Amino acid sequence: SDVCSSDLPTNFIIASNNRNKTRELIQIFEWFGQQAISYQSLLGRVDFPKEGTTSYSENALTKANWIAQKLPEKWIVADDTGMMLKACPQSLGITTSRDLHMDQTTDSALNQEILKMVANQSREVTMQSTLVAVNQPHVLKATGKFVGQISAEPRGNNGKSFDLILEVPGKNATLAELPNDEKIPLLHRTKAVQNLLDSYFI
C-alpha cells in the first residue's frame with residue numbers, strides 16, 4: 001500500500017538473529033542515508049518461528065511480523081537469502097541456511113563446502129535477497145540478486161563468509177577483495193534495499 005511522508009521512520013528495525021546479516025543490512029541502509037538497528041537493541045533476543053521451504057517472501061514476512069507484533073509502531077525489515085548454484089540446481093536456494101547448517105558451521109568450512117559442490121562443474125552462482133518491510137497496514141517487498149562465479153579459492157579480507165568466494169563478473173576479484181565503494185553497490189542485499197526504498201519513497 002502507499003506510504004505517505006508522515007509514515008517515514010526515524011530508523012528501520014532489522015528482524016534477524018544472524019549477526020553478519022544484521023551488520024551488513026545496517027551498513028547498507030547507512031549507505032543510502034537511512035538508519036537501521038537490530039531489533040535486539042530494543043527487545044533482547046527472541047526465537048523466530050521455523051522457516052518454510054517454498055517462499056523467500058513468506059519466510060521474510062513471517063520474521064518481520066513476528067517482531068512487528070512486539071514493536072507495532074516501528075518499521076520492521078526482515079530478509080530471506082539463498083544461494084543458487086548452476087552445478088547443483090536441486091540444492092540450496094530457499095533452504096541454503098538449513099542445507100549448509102550455517103548456524104553451526106564456520107565461514108571457512110562453509111566456503112570449502114561450496115568449493116566442493118562446484119568442483120569440475122559450472123561455477124555460476126546467483127545470490128538472492130528478498131526483503132519485507134512491515135508497519136501495519138503497510139507491507140513492502142523487494143528482491144535483489146548478485147550473479148557471478150564461485151572463485152577457485154577464498155580470497156580477500158573485506159567481508160565474511162561467501163564474500164570471499166563470490167567472484168564479480170568482469171573483475172578478477174571476489175567481493176571481499178573490493179573496497180566498500182565498489183563492493184556495496186554489487187551486493188544482492190544492496191539491490192534489495194535499493195528496490196525497497198524506491199517503492200517506499202514513491
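Which residues have the most contacts inside the largest nonpolar core? The model is a predicted one, in which local features need pLDDT of at least 70 and side-chain atom pairs count only at pLDDT 80 or more, while totals for chains, interfaces and linings use all residues. Residues are numbered from 1 along each chain as its sequence is written, and side-chain values use heavy atoms, with hydrogens and water left out.

**Nonpolar cores**

The largest nonpolar core has 42 residues, and those with the most contacts inside it are Phe 29, Met 83, Leu 85, Ile 114, Ile 150, Phe 162 and Leu 166. A nonpolar core is here a set of buried Ala, Val, Leu, Ile, Met, Phe, Trp, Tyr and Cys residues joined through side-chain atoms within 4.5 Å, where buried means under 20% relative accessible area, with a 1.4 Å probe and protein chains only. The largest share of this core, five residues, comes from H7. Apart from this core lies another, of 14 residues, among them Tyr 39, Ile 67, Ala 78 and Val 132.

Leaving aside neighbours within four places in sequence, Phe 29 is in contact (heavy atoms within 4.5 Å) with residues including Ile 14, Val 77, Val 193 and Leu 197.

**Strands**

Helices (H or I, at least four residues) and strands (E, at least two) are DSSP runs, numbered from the N terminus, and two strands pair if DSSP finds at least two bridges between them. Because ten of the eleven residues of E3 are buried, this strand is largely enclosed by the rest of the structure. Its two pairings are set out below.

| Strands | Bridges and direction | Facing residues |
|---|---|---|
| E3 and E4 | ten bridges, antiparallel | Ala 78 and Val 132 |

**Helix H7 and Thr 190**

Thr 190 has its place in helix H7 and, at 3% relative accessibility, counts as buried. Beyond its neighbours within four places in sequence, Thr 190 is in contact with Ile 28, Phe 32, Ile 184 and Pro 185. The C-alpha atoms of Thr 190 and Gly 144 are separated by 7.2 Å, although these residues are 46 residues apart along the chain.

**Pocket lining**

Helix H1 (19-31) and helix H7 (188-200) are among the elements that each supply at least two residues of the lining of the largest pocket, and H1 gives the largest share, six residues.

Note on methods:
Buried means under 20% relative accessible area, exposed over 50%, partly exposed in between (1.4 Å probe, protein chains only).
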